[in-house]
Amino acid sequence: MGITVEHVTKRFDEFLAIDDVCLEVPTGSLVALLGPSGSGKSTLLRMIAGLESPDQGRIFLTGEDATQKDVRDRDIGFVFQHYALFKHMTVRKNIAFGLEIRQQPRPKIRARVEELLELVQLRGLGDRYPHQLSGGQRQRVALARALAVEPRFLLLDEPFGALDAKVRQELRSWLRHLHDDVHVTTVFVTHDQEEAMEVSDYVVVMHHGRIEQVGTPAEIYDRPQTSFVMSFIGPVNILPAHAPLATPEAASASPEARRVFVRPRDINISVAPTPDTVPAKIQRLTHLGWEVKLDLLLEDGHSLQAHLSREQFDPLGLVPSQTVHINPKAIKSFPLDYAI
């Protein structure tokens, strides 16, 4: 058993931050709490850590009820977005801090610090101070400090949010490899869909304090269970059920459906009409190197976007204002269960 959250609710005055949430985090897994701002993901993480207390419900760590346990007794390493390093301490002293507080023998502390410097790829930087490091390096120090005491659980709250896009991309891959090396049960908060999909074993999609869906990245993307999950995970076109592209599948999918969802990469483009296609006018072509985005306008006035790889796009010879003929490879229909 890893982390178990049982029917947890948390309010801040009149604001319902967490609404009767249940969650299982398997031992040794890396789980992302994903959602927009205000969805409750950081509040849930802080309750697992013991930094906030639930109004209702219980939290179990390795099968033991930890709901009322002090944060210091939960055997958790916590990493904040803005590092929270001690500016007056060297990298080596920052990493050693938790071990020194626990009065570990000095030889053991030295050996553990050197091991972690190697693990987080900061060998040779132990005598520097935080201001002498890049943002990515400071975040690695924060992770090493959290891991120094060999916690059972590692919690990360938007760990890469303060970094630029290129560094975030590098640290995602590094975090995944680090987790595969240490196998600490890890939960991290992010609002970045790509980050969650790339790094985690399981994604927990949250919205308005509730869990919308839990699954592997492939399950979340390929088999979304709600309109919110479909629209939040990856780009998507949202059209009325009566739109030309939606019929006849949408009309027969469910009588209460009010929207259909089509991913841009699931739209076939051809230059000649067939019985299965509808016409659309190219309003704009955006070349991104590895793919081309097409902004399209249907005859009924609805807009949508299609994404083609360069291998798909180049043979077609498409130009702006050209009329093409489209049909979806996959289309999903949901009741309109949230405000789009």
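Five strands make up an open sheet, lined up in the order β13-β17-β14-β15-β16 with antiparallel pairing. Two strands count as paired if DSSP finds at least two bridges between them, and strands themselves are DSSP runs (E, at least two residues), just as helices are runs of H or I of at least four, with numbering from the N terminus. At the edges stand β13 (267–270) and β16 (303–309); each has a single partner strand, so one side of each is left without a neighbour in the sheet. From one strand to the next, the twist averages 45°, with axes being lines fitted to C-alpha atoms and angles running from 0 to 180 degrees between N-to-C directions.

This is a predicted model, so to speak of local features takes a pLDDT of at least 70, and side-chain atom pairs count only at pLDDT 80 or more, while totals for chains, interfaces and linings use all residues. Residues are numbered from 1 along each chain as its sequence is written, and side-chain values use heavy atoms, with hydrogens and water left out.

I267 has P328 in β17 as its bridge partner.

As for the whole protein, there are 10 helices and 18 strands, and the C-alpha atoms fill a box of roughly 75 × 45 × 30 Å along the principal axes. Of the 340 residues, 47% are buried, meaning under 20% relative accessible area with a 1.4 Å probe, protein chains only. Among contacts (heavy atoms within 4.5 Å) with a separation of 6 or more, 66% come from residues 24 or more positions apart.

Conventions:
Buried < 20%, exposed > 50% of the residue type's maximum accessible area, 1.4 Å probe, protein only.
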